[in-house]
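Dear colleague,

I am passing on the structure below, together with some notes on what was found in it. Please have it open beside you as you read.

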2 protein chains.
Amino acid sequence: MPIVKLVFSSPEAAEEAFYRAMQKRDLDLMMAVWAEDDNISCVHPGGQRLDGREAVRSSFEQILKASPAMAFRLSDATHVYDQNLAVHVLHEHIRLGDDSHFQPPVVATNIYRLTDNGWRMVMHHASSTRSNRQPASLH
Amino acid sequence: MPIVKLVFSSPEAAEEAFYRAMQKRDLDLMMAVWAEDDNISCVHPGGQRLDGREAVRSSFEQILKASPAMAFRLSDATHVYDQNLAVHVLHEHIRLGDDSHFQPPVVATNIYRLTDNGWRMVMHHASSTRSNRQPASLH
């Protein structure tokens, strides 16, 4: 199978691929979103901090295998940009399997860095909130 | 009382002041750490995302009033820098009141931006972890 190198031209493109990887349970795409060095960290809701590609890959492998189908809706995004670094803060609204309702929103801080191979994720910090607010806006 | 304008010359100086404000329950110092515009967000462990100075100030006012004395130890810091933006990921180990033990570590993503008034915090995303690991290293 040929190895296709993905190059994301913007933080938004990397972010779109991140949530697409979640929805499609595509571990290769997920790991193509993350920076290729080990200076990456990931915190899943309620979880420990995971540092480095191996720990991050292993966690997503488990999540993508174990979870029912996940549909994502994103809302309330705010951005802070510098030349080579981008911070996106947003709400993830996740619907599991055949559920008709969304889970309580997850707050995510997603950080992207411009690398030699385009924009890549370097941090995903997600935490559950207690409310059950529905998305005010989608993107 | 004269108004003293604090200018932090580095993300580290702003971060030191952030945790000093927590320990000293100094709301004025806390708010001097945050950027002066409303493009700031704060997530306390288990909490909703709070956007803007008024929401952030109000939350810290409640925390600083309601909490017992808090002693902080920080560990496992990793940094990602750009020219005007700095991301610090670290563990907060918090000891409450007269407790002899630390609470389970909190993962914090702290983001600072170089503003016209020096480095200021623009994001604090904190979430509890389930483990009770003691700090491996302190700073």
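Two strands are taken to pair if DSSP finds at least two bridges between them. The model is a predicted one, and in its chain A, strand β3 (residues 70-81) and strand β4 (residues 85-96) run antiparallel and are joined by 10 bridges. Within this pairing, F72(A) has I94(A) in β4(A) as its bridge partner, and a hairpin of 3 residues leads from β3(A) to β4(A).

In chain B, strand β3 (residues 70-81) is likewise joined to β4(B) by 10 bridges, the two running antiparallel, with V87(B) of β4(B) as the bridge partner of V80(B) and 3 residues between the strands in the hairpin. On β4(B) there are also 8 bridges to strand β5 (residues 106-115) of chain B, again antiparallel, where A86(B) is partnered by Y112(B). Of the 12 residues of β4(B) (residues 85-96), 10 are buried, so this strand is largely enclosed by the rest of the structure.

Turning to the helices of chain B, α1 (residues 11-24) packs against α3 (residues 53-66) at an angle of about 45 degrees, with the axes 9 Å apart; α1(B) and α3(B) are therefore oblique to each other. The contact is made by F18(B), A21(B) and M22(B) from α1(B) and by F60(B), I63(B) and L64(B) from α3(B), and these comprise 6 nonpolar residues, with no polar and no charged ones.

F60(B) also belongs to the largest nonpolar core, which has 80 residues, and is listed among those with the most contacts inside it, as are F18(B) and W34(B). Leaving aside residues up to four places away in sequence, F60(B) touches several residues, including L27(B), M30(B), C42(B) and H44(B).

With best wishes

Definitions and conventions:
Residues numbered from 1 in each chain as written. Chains lettered and ligands numbered in written order. Predicted model: local features only at pLDDT ≥ 70, side-chain atom pairs only at ≥ 80, totals over all residues. Heavy atoms only, no water. Core = buried A, V, L, I, M, F, W, Y, C linked by side-chain atoms within 4.5 Å. Buried < 20%, exposed > 50% of the residue type's maximum accessible area, 1.4 Å probe, protein only. Contact = heavy atoms within 4.5 Å. Helix = DSSP H or I, 4+ residues; strand = E, 2+ residues; numbered from the N terminus. Axes fitted to C-alpha atoms, helices over the stretch in contact; angles between N-to-C directions. Parallel < 35°, antiparallel > 145°, perpendicular 65-115°, else oblique. Nonpolar A, V, L, I, M, F, W, Y, C, P; charged D, E, K, R; others polar.
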